[in-house]
Amino acid sequence: MTAVTAPTPVNPACPACGKSLVKREGKYGVFWGCSGFPLCKTIVNIRKGNSAC
């Protein structure tokens, strides 16, 4: 029998440099930040579901 393993989540790639993005939490909420920081300062907002403005 072979062991069944759960798939490992894959972080999205940075659109600017191609390194992986990591989930971070800042003053204004959660966002994806480049793992190449401080050389690459790309951030991508994570949108929450149906949030009221």
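Q: What share of the contacts in the protein with a separation of 6 or more comes from residues 24 or more positions apart?
A: This is a predicted model, where local features need pLDDT of at least 70, side-chain atom pairs count only at pLDDT 80 or more, and totals for chains, interfaces and linings use all residues. Residues are numbered from 1 along each chain as its sequence is written, and side-chain values use heavy atoms, with hydrogens and water left out. A contact means heavy atoms within 4.5 Å. Of those with a separation of 6 or more, residues 24 or more positions apart account for 9%.

Q: Which pattern does the protein follow along the sequence?
A: Helices (H or I, at least four residues) and strands (E, at least two) are DSSP runs, numbered from the N terminus. The protein has zero helices and three strands. Read along the sequence, the pattern is β-β-β.

Q: In which sense do β1 and β2 pair?
A: Pairing requires at least two bridges found by DSSP between two strands. Strand β1 covers residues 21–26 and β2 covers residues 29–34, with six bridges. Two residues lie between them in a hairpin. Gly26 stands opposite Gly29 in β2. The sense is antiparallel.

Q: What percentage of the 53 residues is buried?
A: Buried means under 20% relative accessible area, with a 1.4 Å probe and protein chains only. The buried share of the 53 residues is 17%.

Notes:
Buried means under 20% relative accessible area, exposed over 50%, partly exposed in between (1.4 Å probe, protein chains only).
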